[in-house]
Amino acid sequence: MAVARQFQGPIDLHAHSSVSDGTETPAELVRAAAVAGLGTIALTDHDSTAGWAEASVAARAERVTLIPGMEFSTRVQYASVHLLAYLFDPADPALLAEMTRVRAARLTRAEQMVVRIGADYDLSWDDVLAQTTPGATVGRPHIADALVARGHALNRSAAFADILHWKAGYFQPHYAPDPLRAIELVRAAGGVPVIAHPATRGIGDVVEESRLKTLVEAGLFGLELEHRENMPEPTARLYELAAKFGLFVTGSSDYHGTGKPNRLGENTTAPEVLERLIIEGRGSEPVYG
Ligand code: AMP
Ligand code: FE
Ligand code: FE
Ligand code: ZN
């Protein structure tokens, strides 16, 4: 009874593999999801779908449902806003062009940050490359890993709190589209957009009521309100706005393997919300393992 099995077990709609800044390969991630007792896992690497094929094979082997997704980088002035996108067409030309542009900008930006850090610390671009898999979406976590390997930080979190913190003076933003355009691109590619961790420090202004209304009108599906980095007060306010605008609420771990303390299944999404998400997703199919 494949249908009855589809949504058995907890649903975690946000996890990263080594295709971006997770520490496990897509197959290892899906295996970890099975071991953690999850029924459904979404693979949401930053600005890339390169892990979908491998994760799909693993999902069938591990009998886990896979929702193919991505965490799309968007930006409003200096605020970085992450947009989770599910079940879109990975070959959609307009979306693909924007993803490619963001990944290229991330690479240039990381190289420039490493040049600046390298003036004060023993660190080279080769050190960073040694921490990435070929073709991976490069981010500060890879610079963090290189700093750890060089003995300049104890772990990723320590590197983020110190050398990679914007206050340290090495931080640099990278190009990313406006959230409104990103939502339009995702919907046009048949996908379903959800704002990731919308109640974290620094993005409060971005999700105030009038802007959120514009994003809803452009096709925003939901808000990831159950996430360890959301702060209580803005989360409560966004629950009210979600109800007002008819947005769905999701919960997820944002698992990065050993790269972050977040554990698979620490927050979950209701089966009714996943059902609705699958109805609206028209660009690709879930993999029912
Ligand atoms: P970037 O997009 O390159 O600026 O890097 C931000 C990414 O770093 C986020 O998507 C997180 O996955 C990761 N990150 C942020 N803070 C931490 C932390 N304290 N420890 C580990 N990873 C982090
Ligand atoms: Fe990440
Ligand atoms: Fe994020
Ligand atoms: Zn994430």
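## Iron ion, ligand 3

Along the chain, the donors of the iron ion (ligand 3) follow the spacing E-x10-H-x114-H. Donors here are N, O and S atoms within 2.8 Å of the metal (3.2 Å for Na, K and Ca); water is not among the atoms, so sites may look incomplete. This is a predicted model: local features need pLDDT of at least 70, side-chain atom pairs count only at pLDDT 80 or more, and totals for chains, interfaces and linings use all residues. Residues are numbered from 1 along each chain as its sequence is written, chains are lettered from A and ligands numbered from 1 in the order in which they are written, and side-chain values use heavy atoms, with hydrogens and water left out.

Three protein residues hold the donors of ligand 3: Glu 71 (OE), His 82 (ND1) and His 197 (NE2), at 2.0 to 2.2 Å from the iron ion. Glu 71 sits in strand S3 (residues 65-76) and His 82 in strand S4 (residues 79-86), so the pair ties together parts that are eleven residues apart in sequence. Helices (H or I, at least four residues) and strands (E, at least two) are DSSP runs, numbered from the N terminus. Both Glu 71 and His 82 are buried. Buried means under 20% relative accessible area, exposed over 50%, and partly exposed in between (1.4 Å probe, protein chains only).

## Iron ion, ligand 2

The iron ion (ligand 2) has Asp 21 (OD), His 46 (NE2) and His 256 (NE2) as its protein donors, lying 2.1 to 2.3 Å from it. Their spacing in sequence is D-x24-H-x209-H. From ligand 2 to the iron ion (ligand 3) is 5.4 Å.

Asp 21 and His 46 link distant parts of the chain, 25 residues apart. Asp 21 is in the loop between strand S1 (11-12) and helix H2 (26-35). His 46 is in the loop between strand S2 (40-43) and helix H3 (52-62). Asp 21 is buried, as is His 46.

## Ligand 1

Ligand 1 is surrounded by 14 residues. The closest are Asp 21, His 46, Arg 109, Arg 140 and His 256. A residue counts as near a molecule or strand if one of its heavy atoms lies within 4 Å of it. Asp 21 places a polar side-chain atom 3.1 Å from an oxygen atom of ligand 1. For Arg 106, a side-chain N or O atom is 3.1 Å from an oxygen atom of the ligand. For His 256, the corresponding distance is 2.7 Å.

The protein covers 82% of the 500 Å² of accessible area that ligand 1 has on its own. These areas come from the Shrake-Rupley method with a 1.4 Å probe; for residues, only the protein chains shown count as cover. Helix H4 (93-118), helix H6 (140-149) and helix H7 (156-161) are the elements that give two or more residues to the shell around ligand 1. H7 gives the most, with three residues.

Arg 109 is in helix H4. Its relative accessibility is 7%, so Arg 109 counts as buried. Arg 109 and Ala 59 are 50 residues apart in sequence and 34 Å apart in space, C-alpha to C-alpha.

Ser 284 lies in the segment after helix H11 (271-280). Ser 284 is buried, with a relative accessible area of 14%. A polar atom of the Ser 284 side chain is 3.0 Å from the backbone oxygen of Phe 88. A polar contact is a pair of N or O atoms within 3.5 Å; within protein, one must be able to donate a hydrogen and the other to accept it, and residues adjacent in sequence count only if both atoms are side-chain atoms.
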